[in-house]
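Please look at the model shown here with its strand pairing in mind, and then turn to one of its pockets.

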Amino acid sequence: MAPFDTTITVTFRDMEGKTVMDFKQGPFNTAELRDGHNIGWSSAFDRFAEFLLAPVGQVFEPTHDLVIDRVFDAPRDLVWKVWTSPELASEWMGPRGFKATHFEQDARVGGKWRLCLHSDGFDVGDGELRVLDLWQGGVFREIVPPERVVYTFEWETDMGFPPGEETLVTVTFTEQGSKTAMRFQQQFFQSEANRDGHVKGWNSTFDRLAELVVLSKARTV
């Protein structure tokens, strides 16, 4: 994507003891870029409002974000296809030991996605292997093929995280010659422990993704 400049204008006006903020940014080259920024700014302003409402002297806790960088030995268009195709995504989605038994998505801004990962024997930490069905889902916030996808993520199955904890996933794909650099960012975890609990699973998942990308590349040769 070529660099572009926008101008931001912010005004504040009184309204019956409260403050109304008018925020304007433009011009954008496309409606998709504008809508993608709208989502990001809305989230930022939600945090701004929380900060303003916090008691005087209270420390405003930062969110805990997860960032994973990977480089895949394949062109960006192919990596994008393996990521976004429901048929292909079902083959790599989930860490080793899990299989996607249900995967549906409406790949458009505002569309929903839902996934179930099944394991016949998973050690939950007590040394016993258990059968698990892990349901998760969310809503697409931005899709810019083949560069960027943004969606919300929430566990439906009790994974020991705070109920209703919704995180925001942003995945970008950048060309590096004949290879593709991926940056995966998952934002707004409520604690470091919650964030760190996702690291192993995502890295195992991306190992499977890398293997399928190589296999898909070989099929196109």
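Eight bridges join strand β3 (residues 64-72) to strand β9 (residues 179-189), and the two run antiparallel; strands are DSSP runs of E with at least two residues, helices are runs of H or I with at least four, both numbered from the N terminus, and two strands pair if DSSP finds at least two bridges between them. In this pairing Asp-69 stands opposite Arg-183 of β9. The model is predicted, so that local features need pLDDT of at least 70 and side-chain atom pairs count only at pLDDT 80 or more, while totals for chains, interfaces and linings use all residues. Residues are numbered from 1 along each chain as its sequence is written, and side-chain values use heavy atoms, with hydrogens and water left out.

Strand β9 is also joined to β8 (residues 167-176), again antiparallel, by nine bridges, and here Thr-174 stands opposite Ala-181. Two residues lie between β8 and β9 in the hairpin that they form, and Gly-177 in this turn has a positive phi of about 65°.

The second largest pocket has a volume of about 440 Å³. Of the 21 residues that line this pocket, Pro-95, Trp-155, Gly-197, Gly-201 and Trp-202 are the closest to its centre. A pocket is an open set of points on a 1 Å grid over the protein atoms alone where a 1.4 Å probe fits, with protein on both sides within 12 Å along at least five of seven lines, and lining residues have an atom within 4 Å of a point; the volume is the space filled by probe spheres set on the points, which are joined across faces, edges and corners. Helix α4 (192-220) gives the largest share of the lining, seven residues, and β5 (112-123), β6 (129-144) and β7 (148-155) are among the elements that each supply at least two.
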